[in-house]
Amino acid sequence: LRSGEQTGNLADVLKRYIAYVKLVIGVREKVVKALAYPAFLIVVGVAVVAFLLIYVMPTFAEIYGQSNKDLPLATKLLLQAVESVRRWLPWLIAGTVGFAAVSYQWARTPGGRAHLDRLSLRMPIIGGVLLKSQIIRLARTLSTVLAGGIPLITALQITGGAITNRVISRALANATDRVREGAGLAASLKQEGFLPQMTLEMIEVGESIGGLETMLQDVAEFHEGELDLRLSQLTTWIEPVLLLLMGIIVGGIVVIMYLPVFQIAGTV
């Protein structure tokens with residue numbers, strides 16, 4: 001808005017800003033949709049396993065206790081584990097709630113937030129998706145602000161405020177300091193090490209030909225294509241893997257519960 005007022009081009013700046021917001025929201029929705037179903041599968045799987053262990057397994061334990069039969073080792077270990085969990089359940093719940101409350105307060109501190117942001121970027125599979133979304137946000141924001149007539153250093157400072165990941169925001173602030181001292185943008189970003197080599201080369205080309213904002217748009221579109229591919233691969237592979245894992249866990253528990261029955265039937 002400030003750049004539009006200074007250049008007398010407020011209407012065009014607002015149009016670019018609206019387009020930018022739509023694109024950023026679209027990227028965020030893609031990431032959320034890709035991670036929502038796997039998260040739902042994990043929650044359902046944990047709920048099913050908890051139901052089997054807390055409500056179903058004690059019934060079998062009571063039946064087996066009345067039969068006075070020697071149980072298989074796997075069944076004994078599972079029954080002991082369930083009994084231990086039931087005995088310590090109130091303390092486990094209290095400890096979990098306390099740990100969650102302390103973690104929540106810690107995550108709201110600058111140091112805790114930075115640590116979680118760094119950890120999120122290092123997570124397998126998901127970390128790459130989050131990094132791509134942050135790079136897209138960086139490129140889109142910087143391109144939009146530069147197209148509005150804002151100088152590069154001020155545009156970098158504004159862009160840093162739009163980055164939600166503290167690690168990348170701090171890296172961009174360090175790069176901004178180098179640009180202020182006279183270094184090139186691509187060279188400054190390269191020292192931080194979070195951008196791919198091809199992205200740095202595209203930014204360097206944009207600097208050399210005087211079309212940085214256009215090249216940044218190309219960078220954002222390039223990474224959006226990569227993000228779409230990564231998300232499609234993620235949803236294609238993670239769903240059957242989670243379903244298979246849930247089937248193995250639930251099936252294993254059921255088989256272990258029925259082992260004494262199979263043993264009695266074999267004896268008969």
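Helices (H or I, at least four residues) and strands (E, at least two) are taken as DSSP runs and numbered from the N terminus. The structure is a predicted model, in which local features need pLDDT of at least 70 and side-chain atom pairs count only at pLDDT 80 or more, while totals for chains, interfaces and linings use all residues. Residues are numbered from 1 along each chain as its sequence is written, and side-chain values use heavy atoms, with hydrogens and water left out.

Confidence is expressed as pLDDT, the predictor's confidence in each residue on a scale from 0 to 100. The protein chain has a mean pLDDT of 82, and 94% of its residues reach 70 or more. Within the chain, the lowest confidence is found in helix 1 (residues 2–7), with a mean of 65, and the highest in helix 7 (residues 166–180), with 89.

Salt bridges were assigned where a side-chain nitrogen of Lys or Arg lies within 4 Å of a carboxyl oxygen of Asp or Glu. Side chains of opposite charge can pair when their charged atoms come close. The structure holds five such salt bridges. Burial is described by relative accessible area, with buried meaning under 20%, exposed over 50% and partly exposed in between (1.4 Å probe, protein chains only). One of the salt bridges joins D117 to R113, with 3.4 Å between the closest N and O atoms. Both residues belong to helix 4 (residues 110–122), where D117 and R113 are four residues apart, about one turn of the helix. D117 is buried because its relative accessible area is 10%, whereas R113, at 31%, counts as partly exposed.

A further salt bridge is formed by the side chains of E226 and K132, at 2.4 Å from N to O. This pair links distant parts of the chain, with E226 in helix 10 and K132 in helix 5, 94 residues apart. E226 is partly exposed, at a relative accessible area of 30%, whereas K132 has 12% relative accessibility and therefore counts as buried. The side chains of E224 and R140 also meet in a salt bridge, with an N to O distance of 3.1 Å. Here too, distant parts of the chain are linked: E224 lies in helix 10 and R140 in helix 5, 84 residues apart. Both E224 and R140 are buried.

Not counting residues up to four places away in sequence, K132 touches P196, H223, E226, L227 and R230. H223 is part of helix 10 (residues 212–267) and, at 0% relative accessibility, counts as buried. With neighbours within four places in sequence left aside, the contacts of H223 are K132, I135, I136, P196 and T199.

In helix 6 (residues 152–162), the buried residues are A155, L156, T159 and G160. These residues lie on the same side of helix 6 because they cover an arc of only 140° around the axis, the arc being that of the directions from the helix axis to the C-beta atoms. The cover over the buried residues of helix 6 includes helix 5 (126–147), helix 7 and helix 8 (185–190). A173 is located in helix 7 and is partly exposed, with a relative accessible area of 36%.

On the surface, V254, V255, Y258, V261 and F262 form a nonpolar patch with about 400 Å² of accessible area together. Patches consist of residues with over 30% relative accessible area and no salt bridge, like charges being joined within 9 Å and nonpolar side chains (Val, Leu, Ile, Met, Phe, Trp, Tyr) within 5 Å. Accessible areas come from the Shrake-Rupley method with a 1.4 Å probe, and for residues only the protein chains shown count as cover. F262 lies in helix 10 and, at 49% relative accessibility, counts as partly exposed.

S232 is also found in helix 10 and is partly exposed, with a relative accessible area of 33%. S232 and V97 are 135 residues apart in sequence, and their C-alpha atoms are 35 Å apart in space. T96 is situated in helix 3 (residues 73–107) and counts as exposed, at 53% relative accessibility. T96 and P260 are 164 residues apart along the chain, with a C-alpha separation of 34 Å.

Key: Contact = heavy atoms within 4.5 Å.
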